[in-house]
Amino acid sequence: QVHLVESGGGSVQAGGSLRLSCRVSGLNMRLSAMYWFRRAPGKQRELVASISSGGVTEYVDSVKGRFTISRDNVRTMVFLQMNNLNSEDRGVYYCQYRRAPSRWGRGNQVTVSS
């Protein structure tokens, strides 16, 4: 069974930074793309960033140039470095190993205050 444990969320002022971490177990991460999703208040969940097994990254337009997804296959971890945060980045962030997940964990809350 795959387990994804997110950490690193919290509260930050606009313009600040946070780094989310996701520890992965039960999965051969070297063969899997990894994803970060978020659900902002009152909005549908959206895919924010992805990283292929080969390290190719993609981002939703709203975070390009500010967020960086990375992976460490040795430590089986995925990261999301978030810089220059703004109020639109508020929400619950989820680490996933599928682009269309069928199950969701509790995620990690990110709060941005102005």
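Because the model is predicted, local features are reported where pLDDT is at least 70 and side-chain atom pairs where pLDDT is 80 or more, whereas totals for chains, interfaces and linings use all residues. Residues are numbered from 1 along each chain as its sequence is written, and side-chain values rest on heavy atoms, with hydrogens and water left out.

Strand 8 covers residues 77-82, where strands are DSSP runs of E with at least two residues, numbered from the N terminus. Five of its six residues are buried (under 20% relative accessible area, with a 1.4 Å probe and protein chains only), so strand 8 is largely enclosed by the rest of the structure. Pairing, which requires at least two DSSP bridges between two strands, links strand 8 to strand 3 (residues 18-25) in the antiparallel sense over six bridges, and Leu20 has Leu80 of strand 8 as its bridge partner. Strand 7 (residues 67-72) also pairs with strand 8 in the antiparallel sense over six bridges, with Thr68 standing opposite Gln81. Strand 7 and strand 8 form a hairpin with four residues between them, and Thr76 in the turn has a positive phi of about 50°.

One disulfide is counted, a disulfide being a pair of cysteine sulfur atoms within 2.5 Å. The disulfide joins Cys22 to Cys95, with an S to S distance of 2.2 Å, and is left-handed because the torsion about the S-S bond is about -80°. Cys22 lies in strand 3 and Cys95 in strand 9, so the pair ties together parts that are 73 residues apart in sequence. Cys22 is buried, with a relative accessible area of 0%, and Cys95 counts as buried at 2% relative accessibility. The C-alpha atoms of Cys95 and Ser21, which are 74 residues apart along the chain, are separated by 8.5 Å.

In soluble globular proteins, nonpolar side chains tend to be buried together.

The largest pocket holds about 410 Å³ of space. A pocket is an open set of points on a 1 Å grid over the protein atoms alone where a 1.4 Å probe fits, with protein on both sides within 12 Å along at least five of seven lines, and lining residues have an atom within 4 Å of a point. The lining comprises 18 residues, of which Val2, Leu4, Arg103, Trp104 and Gly105 lie nearest the centre of the pocket. Strand 1 (3-7) and strand 9 (91-96) are the elements that give two or more residues to this lining, and strand 1 gives the most, with four residues.

Gly54 is placed in the loop between strand 5 (46-51) and strand 6 (57-59) and counts as exposed (over 50% relative accessible area) at 69% relative accessibility. Gly54 and Arg71 are 17 residues apart in sequence and 10.0 Å apart in space, C-alpha to C-alpha.

Note on methods: Grid points are joined across faces, edges and corners, and a volume is the space filled by probe spheres set on the points.
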